[in-house]
Amino acid sequence: MEDPWADSAIGGESNNSSSTVPQSDDTAPADSTAAPSTSSTLTPSTHTSSSRPSRLTPRRLVAQPTRLEAVEDDPLGPLGASTPTATDTPLAPPQPPLKEQLPLRTTLSGGPNQIGSGARRPGGGPSDPHRIEEEELYNDSSSGPRQPPPVPPALPSPVRTSMQPSVSIEQAANPTFHISVGDPHKVGDLTSSHIVYSVRTKTTSKAYKQPEFEVKRRYRDFLWLYNTLHANNPGVVVPPPPEKQAVGRFESNFVEARRAALEKMLNKTAAHPTLQHDADLKLFLESEAFNIDVKHKERKEPHLGESKGVLSTFGISVGSGNKFVEQDDWFHDRRVYLDALENQLKGLLKAMDSMVAQRKAMAEAAGEFSASLHALSTVELSPTLSGPLDALSELQLTIRDVYDRQAQQDVLTFGIIIEEYIRLIGSVKQAFSQRQKAFYSWHSAESELQKRKASQDKLLRQGKSQQDRLNQVNAEVADAERKVHQARLLFEDMGRLMRAELDRFEREKVEDFKSGVETFLESAVEAQKELIEKWETFLMQLDTEDDETVFYRPPVVQANKPAGDTAVDRARARIDDDSD
């Protein structure tokens, strides 16, 4: 078919000449890298004839055929006709994209089959700290999900701490104390002699430097602690120390009874939820230079010994006023109960002293009876009679020792509790007096406030002529109102505190008296068991027949033995004198 555009010879020649350009390009190799030259062949060539057409001749446009060739490794893909191959195979449909499964990046060390950490990447780049390529290398051949790397067990830390084990919040808020008072010994000369005690403390409180320590204290130090705690804690029932005694204060029985009372006082004070946090208790238990520390404290607080306590810190005057009339029925009933309890305990203590005196008298009588029996056994010639008499004399000495020991145990077990609660009732009454002083201070502050308000009203009626004086009175009224508010709050807080303290007093009284009565009865039963055992042994010896040597003892010759000062020795000496 004839080309519709080939109507002139000039156009045909130019067409033939331009068609040679792509034919020359077909001879180029397919894998040529000259992309610019190839792209130039794809553009239509311009007319290069040397003879330019005349302006009168119309310009003709000639369409030139082009061919697109596929280039291997071309990222744009096949844009033209496909290159004929030896076998025409249809192309497979494209596969859907798959999500790449990346290995878990971890910093744990690899297993024994992995390459060392010093291996580098195949491309010569830096080493992979997560060893991803190495894990893929060894996991490609395996089927199924990749197993997680093994986790090494946790090893104990080689660093050992020397800190104390932690305690719970309850233990930190309520530390435990175990205080023992012992080793009483006399120090000083004739005019300044006194007894010094060793106070050993074991505590879990973190407020102290060490968990266990020991100091030396004398009786007046315990008395200072009692007065100071009363001044620092108004309304609190402070356990009191034992009473003073001018005569016989160095006797062994009195020293032992005072030591036990002081030990009980300190343990009850340290067990109190309020007193155990007092700074003066810490000073008493821990200070090595106690007298110097107390003097330094008194210089810093000159009103320490006046026992005004919290009332004086608010600037509230402490006065006695008129006779106090209790307005609260609960406190009135407790005051009547405490008076009756104190009288009953004093009567019980008096009866206890009489019983102890009777036990001591019985012990002394048993000693004298033993001396008489021994004297009778020495003049009796028949061994069948002198032996039992001498054995009965020894039995009476045992009875004397049992009575003496039982009398001392009664004083230390039950008598000390009675004396302690008589003193505690005195401490409760002192707390009542502190509450009474707080009541007087409250009403005194109210009276002062009324006076200030009267002056203020008087100045207000005078007008603005006394403005400066009015400002001063207004400030005084505000200060008086503040003192009234503080005094009222102190009185109410002291009342609530004393209610809790009296409830605590009742609980501890029941526990202490129950424990004291049980100990008293146990000691009495043990003493009676011991006496029964001695009497049964003596009766078994008397019932032995045909054995005259049961009570026989060879005489002991003692030449020029000095007479003793015991009751038995005195009784024997009197019997010897009477026989002469």
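1. Helix α7 covers residues 252-271 (helices are DSSP runs of H or I with at least four residues, strands are E runs of at least two, and both are numbered from the N terminus). The expected span is 1.5 Å times one less than the number of residues, so the 20 residues of α7 should span 28 Å, and the 29 Å between its end C-alpha atoms agrees with that.

2. Before going on, a word on the source: this is a predicted model, where local features need pLDDT of at least 70 and side-chain atom pairs count only at pLDDT 80 or more, while totals for chains, interfaces and linings use all residues. Residues are numbered from 1 along each chain as its sequence is written, and side-chain values use heavy atoms, with hydrogens and water left out.

3. Which residues of α7 are buried? Among them are Phe254, Val255, Arg258, Leu262, Met265 and Leu266 (buried means under 20% relative accessible area, exposed over 50%, partly exposed in between, with a 1.4 Å probe and protein chains only). The cover over the buried residues of α7 includes β1 (177-187), β2 (194-203), α6 (219-232) and α8 (279-286), plus α12 (383-461) and α13 (467-542).

4. β1 and β2 run antiparallel and are joined by nine bridges (strands pair if DSSP finds at least two bridges between them). Phe177 stands opposite Thr203 in β2. The two strands make a hairpin with six residues between them, and Gly188 in the turn has a positive phi of about 90°.

5. On aromatics, the whole structure gives 17 pairs (rings of Phe, Tyr and Trp, the last by its six-membered ring, pair if their centres lie within 6.5 Å; planes under 30 degrees apart are stacked, over 60 edge-to-face, the rest tilted). Trp330 and Phe331 are edge-to-face, because their ring centres are 5.1 Å apart and their planes are at 85°. Phe331 counts as buried at 2% relative accessibility.

6. Phe439 and Phe491 make a tilted pair, with centres 5.5 Å apart and planes at 55°. Phe439 lies in α12 and Phe491 in α13, so the pair ties together parts 52 residues apart in sequence. Both Phe439 and Phe491 are buried.

7. One aromatic cluster is formed by Tyr197, Phe222, Trp224, Phe284 and Phe290. Arg217 lies over the face of Phe284, 5.4 Å from the ring centre (a charge sits over a ring if NZ of Lys or CZ of Arg is within 6 Å of the ring centre and within 35 degrees of the ring normal). The charged end of Arg258 sits over the ring of Tyr219, 4.1 Å from its centre.

Note on methods
Contact means heavy atoms within 4.5 Å.
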